[in-house]
Amino acid sequence: MAARRSRKNKHWRTRHDEGHALRLEIGDLARDAAEPGWTRLEVRRTQVGSYARTTLTRDGREIAAEGLDEPFQRLRELSYQADSGTWFTCELAFPVGSRGYTGRVDSSAPPFEDVPAPAALAELTAFPRTESPGWLLAALPTAAPIGMPTTYGEHYDRRYNSWGDDRSDRRPPPPPPIHGDVAYVPAAAMTCRDFGRRDERRQRVLFLAESADDESEHLYVMGYEEVYLVARHGTHGTSEGVRSITLDESALRLELTPEAADALGTETTFEARLELPPETIGELRTALGFVLGPVAQAPERIGF
């Protein structure tokens, strides 16, 4: 439950980021509902207006789950596009042993054989669209309603622009899709051929990189007084949830909580494979001890 509370309280930068977090939350709820031993979980949400149906299957057998309504409703709102509405069907699949997911969303096919008239009316009032599928119009009790003004996700665009610059080519990332495939493949490993460290006032930093190129993938471990931060190139990083760091001659391995893995965009075990000279491995071991030594609640260090 702590993972879901932290996601709800987080201030997301874009609709894209929050939508991704909601799909991860749905996966956590599905895992909570499934008994151990499964190999694949599938969640299917169909909705028109407030009329909705959610099914969770564990290896092809439907099981009960709680708490899925709220994240799916929020995901529909975040996905809304002014001319095209939002999706009616969302399907997500979660494989065992991974934080990843695959799935699809659909904004045109009828999600139910019979759509209640009040649901069709509520749908086009809450999520107006320029062109509606024939089955939705046919379900209306009267002519199409006048849509209510919508503000789904607009504050994200305003916030993104205020944090960025005024260049015309800067655009916020697109909202979650309403039609087509969705997928997330967390990183499980990287290969490191470059290592460096720097000390800036009270901040202690080391990095591992695929190459000396600044644009290559990087893994950072930082310490500031009694606080640490682990980050990957292009992520915001995490200051908690790193359970352990193991170092041997061939790899540095991070064991992470699901929340920390999601923040880093990785699986809960992430391996930095080391293609470094033996003497550099020794320098890395010393640097990790220097960075994490003053940290109050440092990850467990194995192999040091």
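This is a predicted model: local features need pLDDT of at least 70, side-chain atom pairs count only at pLDDT 80 or more; totals for chains, interfaces and linings use all residues.
An α-helix has 3.6 residues a turn, so residues three or four places apart point the same way.

Strands S1 and S2 belong to an open sheet of 6 strands, ordered S3-S2-S1-S4-S5-S6. Its pairing is antiparallel. Strand S3 (61-63) and strand S6 (180-184) form the edges, each pairing on one side only. From one strand to the next, the twist averages 20 degrees. Within this sheet, strand S4 (residues 89-95) and strand S5 (residues 101-106) run antiparallel and are joined by 5 bridges. Leu92 has Gly103 of S5 as its bridge partner. Helix H2 (residues 15-33) packs on the sheet and touches S1, S2, S3, S4, S5 and S6. The direction of H2 makes about 60 degrees with that of S4. Helix H3 also packs on the sheet, with contacts to S1, S2 and S4. The direction of H3 makes about 60 degrees with that of S1.

A further open sheet contains 5 strands in the order S7-S14-S13-S12-S15, and its pairing is mixed. Its edges are strand S7 (187-192) and strand S15 (300-302), each of which pairs on one side only. Neighbouring strands are turned by 15 degrees against each other on average, direction ignored. Strand S13 (residues 251-256) runs antiparallel to strand S14 (residues 266-274), and 5 bridges join the two. One of the residues involved is Arg253, whose partner in S14 is Glu271. Helix H8 (residues 278-292) packs on this sheet, touching strand S12 (242-247), S13, S14 and S15. The direction of H8 makes about 155 degrees with that of S12.

Overall, the protein has 8 helices and 15 strands. Of its 304 residues, 45% count as buried. Among contacts between residues at least 6 apart in sequence, 57% join residues at least 24 apart. The accessible surface comes to about 15700 Å², and carbon and sulfur atoms account for 49% of that area. Confidence averages a pLDDT of 88, with 87% of the residues scoring at least 70. Over residues 1-6, pLDDT stays under 50. For that stretch the model has 7 contacts beyond four places in sequence.

Note on methods:
Residues are numbered from 1 along each chain as its sequence is written. Side-chain values use heavy atoms; hydrogens and water are left out. pLDDT is the predictor's confidence in each residue, from 0 to 100. Contact means heavy atoms within 4.5 Å. Two strands pair if DSSP finds at least two bridges between them. Helices (H or I, at least four residues) and strands (E, at least two) are DSSP runs, numbered from the N terminus. Axes are lines fitted to C-alpha atoms, for helices over the stretch in contact, and angles run from 0 to 180 degrees between N-to-C directions. Buried means under 20% relative accessible area, exposed over 50%, partly exposed in between (1.4 Å probe, protein chains only). Accessible areas come from the Shrake-Rupley method with a 1.4 Å probe; for residues, only the protein chains shown count as cover.
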